[in-house]
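Take a look at the model below.

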Amino acid sequence: MLEGLYSALALLFSSPEIFGVIFLASVIGLVFGVLPGLGGITALAILLPFTYGWNPMIAMFFFAGILGAVPFGGSISAILLNTPGTAENAASCFDGHPMVRRGEGGKALGISATASALGGLFGLVLLLLLIPVLRMVVLAFGPPEFLFLCLFGLVAVAFAARGNLIKGLVSGGTGILISLVGYSNVFGSLRFTLGSEYLWDGIKLVPFLVGLLAISELINFFVRGTSITEIDPSAAGGKVMEGVKTVFHKKVCFFRSSAIGTLVGMIPGVGAAVANFLSYTTAVQTSRRAENFGKGEPEGLVASEASNNACLSGAFLPTIAFGIPGSGAMAVILGIFVLHGLEPGPLFLREHMDILFAIIIGIVLGNVIASGFGLLTAKYLARITTINISYIIPIVLILCFAGTYAYRENPWDVVLALLAGILGFVLKRNRFPIICFVIGYVLGVLAEKAFHQSLMISHGSYAIFFTSPITLVLIALILLVLVFPFLQLRRNRDENEA
Amino acid sequence: MKTKPKGSFWMTLLLTGFVLLFCALSLSYGAKERLIPLIIGFGCLVFCTLLLLGQKFPKLVRSFDVSVHDLMRDRSTKKNTASAVADPEVAKKTVVISLWALGYLILIFLVGFHIANPIFLVLFLKMSGKISWPKTIILTAITWGFIYGLFEIMLKQEIFRGILFDAYLPPL
């Protein structure tokens, strides 16, 4: 295993231009992350063809550098604009944006940069320790376990999201239904296409997310009709070092969130969005200042940022070891492997450990460079929040539409993005949590596939869902999440009465 | 008696209709193909019904009306959902921005990004943002240059040219 690490490090230090490649990748990742709606998948997809013919190791450094930088870029827009670039930054909005609104934008960015960089480093260290047992862990998750993991993710998100539980579950369920539109690989047939050829491919991820998360926020900006904050720019941009120190003061939260991020990242299909919310929820439930969460509590931001960066390292493992993408971005990474003649699978870990370490190092360096750049420029980045939104709305809308079109050069995707944007705004306006909708949409097809695979394995017996210890634990966790609010509510009532 | 969030009611009704459509379509598929859509659809319908009934009988859904954020505070101090009421000003602004985006979209389809972008920017900045001419021109030039440079020079990707310029429009 260590030979692979030496090999990757040797290439890195013997070729200084690779640092340049990673730096370039970090800047690209940061820009794509900052621009609402673009994010890692679009960056990877757009740049994929340009690396054809590159040395696979260098290509991996490059793409990993982008992926490492995107979460921090996304957190900048999540914190400053309340618009998560990607779903995995969504929890950063809860406490990051309220901090900006009370004049602590610099501190929030400082927390985000530090937690991002250290979270990525933590993920690397944990990964190195876990690689020997990796295969056992991932193999223990068959289709039934995977199904319940998806359900747990959905319920946890519905519980964690702002709004209420029922609305969260309705959002999640509707997201699942939307994910079922189009050609089904399980059945080899078309469903819910209403005769539309465009819908044969289903509702595509990039336009849907761009609309739901970015365009809906632009509509919200317009409706609010002012700048994001009217706080003095110097006040918004200060206290960066205070933010750095805050992460070190929240050690327990940081380590717990990073561990959750790395471990959840290893589970195929779940990804950073669930890790993000799981860490956030755990932080809420264990914090002594739980009542401050959602109002600008630094601990919430630490939990969110540490987990989504640590998750990246973990998410690569199922992709590489089993060819199972842990997320949309990992699906693009699989395409990059194919382009460079690499075949993911168990053999990969034996023969291409150098590639794995190139990826891990690329992520960490991308993370560190992006976070360092973010720290250096935090004061200036914070000024974005004071810009008149009349400048922001048309420019971001143009980028959203152009990015959506660039994804697969289909102009109807732009129409879908706009419709999703209006839907997202209306949902948000009526307190239906959008993030549940997104998670349902992402997990829907995977969960259905796992469900039918389970039944195929058991020859149609539903007992398969209740026989494995892992599924039983997951069912218990789902019930706990569903029942916990009522228990807590009762406790609060009792306390109030007392 | 609290004010009922009318917007939320209509949104729930819309989602109910959407889920019903999925359920109805599912019935025409095979037993396995319709299983998950029907299970999820049924669950959604139950929750939607609860939400709809909750408008009339708030006590019915009050015990479900919790999230992790609401747990930590006294329910009596919890904000009511009056903010969800779609007041006329919000509805008007939503329609206005949607029309701007729709207009921009139609321009893209007709004349493509490179022509639609500056037209949309100038019109939006002047008419909606009331931005001065110098700023409008500078911002439009920078944005147009960025998009042009990104697609035509850096990515060498032909961006949509518009149906008036014989661009290919895939079937819907």
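Which residues does B:Leu172 touch, not counting residues up to four places away in sequence? B:Leu172 touches A:Ser196, A:Glu197, A:Tyr198 and A:Trp412. Contact here means heavy atoms within 4.5 Å. B:Leu172 sits in the segment after α7 (133-154) of chain B. With a relative accessible area of 54%, B:Leu172 is exposed. Exposed means over 50% relative accessible area, buried means under 20%, and partly exposed lies in between (1.4 Å probe, protein chains only).

This is a predicted model: local features need pLDDT of at least 70, side-chain atom pairs count only at pLDDT 80 or more, and totals for chains, interfaces and linings use all residues. Residues are numbered from 1 along each chain as its sequence is written, chains are lettered from A and ligands numbered from 1 in the order in which they are written, and side-chain values use heavy atoms, with hydrogens and water left out.

**Chain A as a whole**

Chain A has 22 helices and two strands. Helices (H or I, at least four residues) and strands (E, at least two) are DSSP runs, numbered from the N terminus. Of the 498 residues of chain A, 66% count as buried. Take the contacts in chain A between residues at least 6 apart in sequence: 78% of them join residues at least 24 apart. The accessible surface of chain A is about 17,100 Å², and 67% of that belongs to carbon and sulfur atoms. Such areas come from the Shrake-Rupley method with a 1.4 Å probe; for residues, only the protein chains shown count as cover.

**Two helix pairs**

Two packed helices are described by the angle between their axes and the distance between the axes. Axes are lines fitted to C-alpha atoms, for helices over the stretch in contact, and angles run from 0 to 180 degrees between N-to-C directions.

One pair joins the two chains. Helix α19 (residues 389-408) of chain A packs with helix α6 (residues 113-128) of chain B at about 160°, their axes 10 Å apart. The angle therefore makes α19(A) roughly antiparallel to α6(B), a label for angles over 145 degrees. Among the residues of α19(A) in this contact are A:Ile393, A:Leu397 and A:Phe401; α6(B) brings residues including B:Phe120 and B:Phe124. The residues divide into 14 nonpolar, two polar and no charged. Ala, Val, Leu, Ile, Met, Phe, Trp, Tyr, Cys and Pro count as nonpolar, Asp, Glu, Lys and Arg as charged, and the others, Gly among them, as polar.

The other pair lies in chain A. The axes of helix α9 (residues 205-224) and helix α21 (residues 434-457) come within 11 Å and cross at roughly 175°. So α9(A) is roughly antiparallel to α21(A). The contact includes A:Leu205 and A:Phe208 of α9(A), and A:Phe437 and A:Tyr441 of α21(A).

Most residues other than glycine have a negative phi.

| Residue | Phi | Relative accessible area |
|---|---|---|
| A:Phe192 | near 55° | 4% |
| A:Arg431 | near 65° | 27% |

A:Phe192 is in the loop between β2 (189-191) and α9, and is buried. A:Arg431 is in the loop between α20 (411-429) and α21, and counts as partly exposed.

A:Ser371 is in helix α17 (residues 353-376). A:Ser371 is buried, at 3% relative accessible area. Not counting residues up to four places away in sequence, A:Ser371 touches A:Phe72, A:Ala113, A:Ser116 and A:Ala117.

Technical notes
Parallel < 35°, antiparallel > 145°, perpendicular 65-115°, else oblique.
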